[in-house]
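Dear colleague,

I am handing over the structure below, together with some notes on it. Please read the notes alongside the coordinates.

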Amino acid sequence: MPIHSPDLRLTYFPDPKVGTSTMRAVLGALAHGMEPETFLSKHHEKANANKAIAAQPFAKAMRNAKGLPAAETLVLVRDPVRRFFSGYENKVRSGHLARRSEGPVVPGTDLPSRPDLTVFLDNLEAYSAASFMIRKHFRSLTYFLGKDLGIFDHVHAIERFPAFAAFISGRLGRPLTFPHVKRQDMSWVTEVPPEIRRRVEILSQDDYLLLHNHYGADLPGITIPDWILETLRAPRSQTR
């Protein structure tokens, strides 16, 4: 659910694979009167999602926010394709799903628990049905943030993290050092074949539309694929 920070005078709406572990660490540290690195060394488990601070479907998150003190709202966004690849690295390629499955296949299925990217894409719906972890982390941004980012007071893209860090430090009134909770080797992404990347782009169309509608041409470090831009710019009669 949304997390309120009296120190920042903000209510943060988490959405998976968009810096949520880092933000939970920062907000937890502030709530405990610690620096983020100290908080992580003593309370690392509190930077992980639980029912009290986990991302929620948009409508449910908005309802729960009404029970929190009045404050300006904050969300983080990210290039949708990068977000998908980050989720795949963290939850699948790294072996996380395989460890949870405790074997070479996902329990109750014949799905390999450590599939390559093509197999994962071919069976994404089945993986989502079989695993709550996959279902949660591969839902669209719109599932968590709705279809209009304009309802939030502050929208920051992690592609421009220095600007976001400066914003948070300004709210706090002092410099704040952000930990990088989940470091990942993403070098393999440069080798993803164009046809596979296109499939991820197709899955991400709604999220690109969400970002385009909010930012217009001034996308913060996010590149909308040309073919999606052409669709967005086409006369309405041609897109039906």
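The notes that follow cover aromatic pairs, charges over rings and one arginine.

This is a predicted model, in which local features need pLDDT of at least 70 and side-chain atom pairs count only at pLDDT 80 or more, while totals for chains, interfaces and linings use all residues. Residues are numbered from 1 along each chain as its sequence is written, and side-chain values use heavy atoms, with hydrogens and water left out.

Aromatic pairs

The structure holds 13 aromatic pairs. A pair here means rings of Phe, Tyr or Trp (its six-membered ring) with centres within 6.5 Å; planes under 30 degrees apart are called stacked, over 60 edge-to-face, and the rest tilted. Tyr88 and Phe120 form a tilted pair, because their planes stand at 45°, with ring centres 5.7 Å apart. Since Tyr88 lies in helix 4 (residues 80-93) and Phe120 in helix 6 (residues 117-122), the pair ties together parts that are 32 residues apart in sequence. Helices are DSSP runs (H or I, at least four residues), numbered from the N terminus.

Buried means under 20% relative accessible area, exposed over 50%, and partly exposed in between (1.4 Å probe, protein chains only).

Phe161 and Phe164 make an edge-to-face pair, at 5.6 Å centre to centre and 65° between the planes. Both lie in helix 10 (residues 161-172), 3 residues apart, or about one turn of the helix. Phe161 is partly exposed at 28%, whereas Phe164 is buried at 1%.

Ring pairs also link Tyr88 and Phe120 into a cluster with Phe84, Phe85, Tyr127, Phe138 and Trp188.

Charges over rings

Arg139 sits over the face of Tyr143, 4.1 Å from the ring centre, and Arg198 over the face of Trp227, at 4.2 Å. The criterion is NZ of Lys or CZ of Arg within 6 Å of the ring centre and within 35 degrees of the ring normal.

Arg171

Arg171 is also in helix 10 and is buried, at 15% relative accessibility. A polar atom of its side chain lies 3.1 Å from the backbone oxygen of Leu8, and the side chain of Arg171 reaches the backbone oxygen of Arg9 at 2.9 Å. Leaving aside residues up to four places away in sequence, Arg171 touches Asp7, Leu8, Arg9, Leu10, Glu72 and His154, where touching means heavy atoms within 4.5 Å.

Regards

Key:
Helices (H or I, at least four residues) and strands (E, at least two) are DSSP runs, numbered from the N terminus. A polar contact is a pair of N or O atoms within 3.5 Å; within protein, one must be able to donate a hydrogen and the other to accept it, and residues adjacent in sequence count only if both atoms are side-chain atoms.
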